Amino acid sequence: MKTIKPAERTKKVSYAIRDIVVAAKKIEAEGRKILYLNIGDPPVYDFETPHKLRSVVSKKILASEYDSDENVSTYCDSMGIQEARAAIARDAEIRKGIDSVEPEDVIISSGASEAITLAIAGLINPGDNIMTPSPGYPLYSGQIPVYHGELNPYYLNEENGWQIDFNELEKRVNDRTKAIVVINPNNPTGANYNKKSLENILEFARQNELIIFADEIYDKLLFDDNEHISIASLSEDVPVITFGGLSKNYIMPGWRVGWAIFHDPLNVMSEYRKAVNKLLRARLCAPHPQQHMIAPALEGSDEHLNTVLKKVEKRRDITYEMLNDIPGISCVKPGGAFYAFPRIQLPKNVSDKEFVLELLEETGVLVVFGSGFGEKPGTNHFRVVFLPDEATLKNAYQLLCEFTKEFYKKHHFNPHNVFIKE
Ligand SMILES: Cc1ncc(COP(=O)(O)O)c(C=O)c1O
């Protein structure tokens, strides 16, 4: 039999966050220790899924054995179970301030990732484009080409705390643009958007008749008493799809519980929503048992967040201080999530990918190269996940500091820091 060739479109799919682990595993196989600062998976570190939520599922599974009305081994509604959709709708109205959300406006998916993928699949024809933040989470830039869409990145303003710049948006839009993605708080920069940035996007989307894809998966993970503003809560006319889930806020990425909330004040999305619902039916349903965690999570006291935020904020501070003390590295202070995206000065002939691979090889410190998230041409960055404990982080940053100094010496390169620490 001849060899099976994959589809051409898969060539454009890459996911640096996991791809780089292949290199790390090789080094680990040689018996060397890796310091993993690369993946935003809180339970890998010292964070736990709230026990109360876990027990909801175990009770449901046990009940399934005795009571056919409670059977979570069945498929469920393609849009998700009613009780959970109602809880998401109430949370959207009360906490997020989004106007008039009904359970019918909510779909439940296998992680927010599935809802995002289906929202893209249902929207674009070959040659259409979706504007994506650069840097931004690579799921979007990975999935758009799968549906024969074009990538259309807009650059975030690092000099202004990675906020969004209206002029930049206007430069990028064209007549095939269908939507704009806003990730708030952002992965990989950790920026939490201010009201002005969000109003700019709304105005831009209004003028250009775009849907806003609002990825708010980190909306409870904010530092310094920062407030999260849900962009749909500001919209009286522009259609917004808000993506959320339990993965990050409730420390359970592996349970795969996500959703999308359709906010459509002028009812311009009805045909599109029917198409998305068709796609939902074609994949049957999201995993059933864990959907029962949604209502208790959203209606609970969120006690776990006190400890989570206290620990993560301290780790954010260590990250910010220690990275900015390294000559050649400058880091904007993250306002939310658990990522920092420091800039690094590099000689012209070295890419951030090469730097990160050499750092890994020499020290075992694993971060992700900035080009994996998109970045302004001519700049170099890497992404750090600051979920590991304080000792691990300090050790990793110390190794990074020593490595960077040697690296510059080897390349006869004289770095300067781009930003002044606050
Ligand atoms: C911005 C952003 N959106 C979506 C996701 C995926 O979330 P889920 O686990 O719900 O699929 C991630 C995961 O890291 C993310 O960072």
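**Exercise 1. State how the residues of the shell around the ligand divide by class, then find which helix gives the most to this shell.**

Solution. In this predicted model, the shell around the ligand consists of 5 nonpolar, 7 polar and 1 charged residues. Together, 13 residues surround the ligand. The closest are G111, A112, S113, N187 and S247. Helix α4, residues 111-121, gives the most to the shell, with 3 residues.

**Exercise 2. Work out which strands stand at the edges of the open sheet.**

Solution. Start with the strand order: the 7 strands run β2-β8-β7-β6-β5-β3-β4, with mixed pairing. β2 (106-110) and β4 (150-155) each have a single partner strand, so one side of each lacks a neighbour in the sheet and they stand at the edges. On average, neighbouring strands are turned by 25 degrees against each other, direction ignored.

**Exercise 3. Describe how helices α11 and α12 cross, and which residues make the contact.**

Solution. The axes of α11 (residues 352-363) and α12 (residues 390-410) come within 10 Å and cross at roughly 115 degrees. The two helices are therefore roughly perpendicular. Their crossing is right-handed. L359, E362 and T363 of α11 meet L399, L400 and F403 of α12 in the contact. By class, this contact has 4 nonpolar, 1 polar and 1 charged residues.

Key. Residues numbered from 1 in each chain as written. Predicted model: local features only at pLDDT ≥ 70, side-chain atom pairs only at ≥ 80, totals over all residues. Near = placed C-beta within 6 Å. Helix = DSSP H or I, 4+ residues; strand = E, 2+ residues; numbered from the N terminus. Nonpolar A, V, L, I, M, F, W, Y, C, P; charged D, E, K, R; others polar. Pairing = 2+ DSSP bridges. Axes fitted to C-alpha atoms, helices over the stretch in contact; angles between N-to-C directions. Parallel < 35°, antiparallel > 145°, perpendicular 65-115°, else oblique. Left-handed = near helix turned anticlockwise from the far one by under 90°. Contact = placed C-beta atoms within 7 Å.
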